[in-house]
Amino acid sequence: KATTAEAVAVEFTATTGLRDFSAYRMNFFTEFDGFRGEQPTQGTLGGLMEITRKPAAQHWSIAVDGNAFKELALLGGGTEMYDVGDTIYIENPADGSFIGMPAMFVESMLPSEMYNPEDNIEMPVSAVLHPGEEVVNGVITQRYTFGRDDLANNDSKLENVEGTIWVAVDGNYVVKYEAVVTGEFDNLSAGNLKVLDEGTITMVYDVSDVNGDFTISPPANAKAINLTELLFK
């Protein structure tokens, strides 16, 4: 791997850092194009995730398109959810209102592992550090690029990898990630759904408002359902 005064190959030690943040927002977009089994498959999945720790709350807004995710019937063309306290509020596509149900009940209907972009990020063991600093999502960062040979699991089934990562100078966490990966994939799934056997994946991941001062509340039109009352009335 060539090194020059302008760009230097280095050991890559940055982390996603999400568990350490008291709050953050994450925008993500992933496109899949290839084959599952012998059938062509294509799809996009993107949206926004917001997290706060104190109080503990989450907000998801997800848009889904294409046949790669058609088995996720619960999501349809997308969904919006709020997880506040012990209640999950799900958007009613019929009128845009939100229905709140106990979290334990809703979680039993969702995929065993909701799709998390962070789980599919290929973090390199080495990368090329480019000179200078760039402000990304309001954060001072350094830019790294990586290829197939930089991945920890140098899978011979991956034909090509082109990635760029912007890492916070203060905190050493991933602020922005872009990658295009082509080849065969053994364990690529969203929840329990196999997404792609071979083809190309394009991913963009953006983190902002790290440790930000914001709160997550149920929508104003949300109505919580009392399941005990419904079941035993």
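# Briefing: salt bridges, cores and aromatic pairs

Arg-25, Glu-50 and Asp-209 are joined in a network of salt bridges. The model is predicted. The protein chain holds 2 helices and 16 strands. Of its 233 residues, 42% are buried.

**Chain overview**

- Contacts between residues at least 6 apart in sequence were sorted by separation, and 57% of them join residues at least 24 apart.
- The protein chain has an accessible surface of about 12,700 Å². Carbon and sulfur atoms account for 49% of that surface.

**Salt bridges**

- The structure contains 6 salt bridges.
- One of them brings the side chains of Arg-25 and Asp-209 together, at 3.0 Å from N to O. This pair links distant parts of the chain, 184 residues apart. Arg-25 sits in strand β2, while Asp-209 sits in the loop between β15 and β16 (222-224).
- Arg-25 has 22% relative accessibility, so it counts as partly exposed. Asp-209 is also partly exposed, because its relative accessibility is 37%. The partly exposed class lies between the buried limit of 20% and the exposed limit of 50%.
- Asp-206 and Lys-176 form a salt bridge through their side chains, again given from N to O, at 3.0 Å. Asp-206 belongs to strand β15 and Lys-176 to strand β12. The two are 30 residues apart, and the pair links distant parts of the chain.
- Asp-206 is buried, because its relative accessible area is 14% and buried means under 20%. Lys-176 has a relative accessible area of 16%, so it is buried too.
- Arg-148 and Asp-149 meet in a salt bridge of 3.3 Å, N to O. Arg-148 is partly exposed, at 24% relative accessibility. Asp-149 is exposed, at 56%.

**Nonpolar cores**

- The largest nonpolar core has 45 residues. Tyr-24, Met-26, Phe-146, Tyr-177 and Tyr-205 touch the most other members.
- Eight elements are named here, and each supplies at least two residues of this core: β2 (23-36), β3 (39-52), β4 (57-66), β6 (87-91), β10 (139-147), β11 (158-168), β12 (174-184) and β15 (198-208).
- Strand β11 gives the most to this core, with 6 residues.
- What does Phe-146 contact, leaving aside neighbours within four places in sequence? Its partners are Glu-122, Pro-124, Ser-126, Ala-127, Leu-151, Val-161, Glu-162, Gly-163, Thr-164, Ile-165, Tyr-177 and Ala-179.

**Aromatic pairs**

- The whole structure has 6 aromatic pairs.
- Phe-12 and Tyr-144 make an edge-to-face pair, with 5.0 Å centre to centre and 85° between the planes. Phe-12 is in the loop between β1 (8-11) and β2, and Tyr-144 is in strand β10. They are 132 residues apart, so described as a link between distant parts of the chain. Phe-12 and Tyr-144 are buried.- Tyr-82 and Phe-98 have ring centres 5.5 Å apart and planes at 80°, so this pair is edge-to-face. The angle limit for that class is over 60 degrees.
- Tyr-82 lies in strand β5 (residues 78-84) and Phe-98 in strand β7 (residues 98-102), so the pair ties together parts 16 residues apart in sequence. Both Tyr-82 and Phe-98 are buried.
- Phe-21, Tyr-24 and Tyr-173 form one aromatic cluster. Tyr-24 is also among the residues that touch the most other members of the largest core.

**Surface patch**

- Val-135, Ile-140 and Val-169 make a nonpolar surface patch of about 280 Å².
- Val-135 is in strand β9 (residues 134-136). Is Val-135 buried or exposed? Val-135 is exposed, because its relative accessible area is 65% and exposed means over 50%.

How values were computed. Residues are numbered from 1 along each chain as its sequence is written. This is a predicted model: local features need pLDDT of at least 70, side-chain atom pairs count only at pLDDT 80 or more; totals for chains, interfaces and linings use all residues. Side-chain values use heavy atoms; hydrogens and water are left out. Helices (H or I, at least four residues) and strands (E, at least two) are DSSP runs, numbered from the N terminus. Buried means under 20% relative accessible area, exposed over 50%, partly exposed in between (1.4 Å probe, protein chains only). Contact means heavy atoms within 4.5 Å. Accessible areas come from the Shrake-Rupley method with a 1.4 Å probe; for residues, only the protein chains shown count as cover. A nonpolar core is a set of buried Ala, Val, Leu, Ile, Met, Phe, Trp, Tyr and Cys residues joined through side-chain atoms within 4.5 Å. Patches are made of residues with over 30% relative accessible area and no salt bridge: like charges are joined within 9 Å, nonpolar side chains (Val, Leu, Ile, Met, Phe, Trp, Tyr) within 5 Å. A salt bridge is a side-chain nitrogen of Lys or Arg within 4 Å of a carboxyl oxygen of Asp or Glu. Rings of Phe, Tyr and Trp (its six-membered ring) pair if their centres lie within 6.5 Å; planes under 30 degrees apart count as stacked, over 60 as edge-to-face and the rest as tilted.
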